[in-house]
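Work through the exercises below with the structure in view. Try each task before you read its solution.

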Amino acid sequence: MKKLFFVIALVFLFCGAFCFSKERAVKISVGGVELEGVIFDTDLAEEIAAKFPLSVSMVGFGGREYYGAIPFTPKNADGGQLRFDDGDITYCATNNTLAIFYAQTDRPNLTMRVIPIGRVTSDFAAFKKFGAREKITFSFEK
């Protein structure tokens, strides 16, 4: 009986971590470089993902991020935080932008709230090789 309970508990733990996650794989294209990422299962993330493929003209800032305005205003943009983790893909309602954060710097605190909608899962080193302005396209794998 204990073995059966243990097996059932392991199945639930495994499924809790993997079976119920609805993150979706996303392709991030930058100047011929293909990066991988995921989009979270949130209302805001799904609202933005509904516009994929989405190309955004982004500028590099502070050796830590690329950001750029999007051509629509999402409705589900409540909340936010004044910090980021490396790899975060975020939306900022203050200036209607998407951003990709790739490196903690001596300025880890933000001045505008951002809402994480996904994350880059590829190596962040590629971002250090990109130019000051890049067209970044978010799309789903086909």
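**Exercise 1.** Decide whether Glu23 is buried, partly exposed or exposed, then find its salt-bridge partner.

*Solution.* This is a predicted model, and the values are computed from it.
- Step 1. Glu23 has a relative accessibility of 33%.
- Step 2. The partner is Arg119. The closest N and O atoms of this pair are 3.1 Å apart.
- Step 3. Arg119 sits in strand S7, while Glu23 is in the loop between helix H1 (2-18) and S1. The two are 96 residues apart, so the bridge links distant parts of the chain.

**Exercise 2.** Which elements are linked by the salt bridge between Glu46 and Arg24?

*Solution.* 
- Step 1. Start with the contact. The side chains of Glu46 and Arg24 meet at 3.4 Å, N to O.
- Step 2. Glu46 belongs to helix H2 and Arg24 to strand S1. They are 22 residues apart, and the pair links distant parts of the chain.
- Step 3. Glu46 has 26% relative accessibility, so it counts as partly exposed. Arg24, at 34%, counts as partly exposed too.

**Exercise 3.** Where is Arg64, and is it buried or exposed?

*Solution.* 
- Step 1. Arg64 lies in the loop between S3 and strand S4 (65-69).
- Step 2. Its relative accessibility is 7%. The cut-off for buried is under 20%. Arg64 therefore counts as buried.
- Step 3. List its surroundings. Leaving out residues up to four places away in sequence, Arg64 touches several residues, including Phe84, Ile100, Phe101, Tyr102 and Leu110.
- Step 4. Look for a charged partner. Glu65 forms a salt bridge with Arg64, with the closest N and O atoms 2.8 Å apart. Glu65 has 8% relative accessibility, so it counts as buried.

**Exercise 4.** How many residues does the largest nonpolar core have, and which have the most contacts inside it?

*Solution.* 
- Step 1. The core has 33 residues. Ile28, Ile48, Leu98 and Phe138 have the most contacts inside it.
- Step 2. Find the suppliers. Elements giving at least two residues each include strand S1 (24-30), strand S2 (33-39), H2 and strand S8 (133-139). H2 gives the largest share, four residues.
- Step 3. Zoom in on Ile28. Beyond its neighbours within four places in sequence, Ile28 contacts Val33, Leu35, Ile89, Ile100, Val120 and Phe138, among others.
- Step 4. Look for another core. A second, separate one has six residues, among them Phe84, Cys92, Ala99 and Phe101.
- Step 5. In soluble globular proteins, nonpolar side chains tend to be buried together.

**Exercise 5.** Which peptide bond is cis, and what is the phi of Asn96?

*Solution.* 
- Step 1. The bond from Phe52 to Pro53 is cis, with omega near 0 degrees. Pro53 is in the loop between helix H2 (43-49) and strand S3 (54-61).
- Step 2. Asn96 has a positive phi of about 50 degrees, although it is not a glycine.
- Step 3. Asn96 lies in the loop between strand S5 (88-92) and strand S6 (97-101).
- Step 4. With 15% relative accessibility, Asn96 counts as buried.

Technical notes:
Residues numbered from 1 in each chain as written. Predicted model: local features only at pLDDT ≥ 70, side-chain atom pairs only at ≥ 80, totals over all residues. Heavy atoms only, no water. Buried < 20%, exposed > 50% of the residue type's maximum accessible area, 1.4 Å probe, protein only. Core = buried A, V, L, I, M, F, W, Y, C linked by side-chain atoms within 4.5 Å. Contact = heavy atoms within 4.5 Å. Salt bridge = Lys/Arg side-chain N within 4 Å of Asp/Glu carboxyl O.
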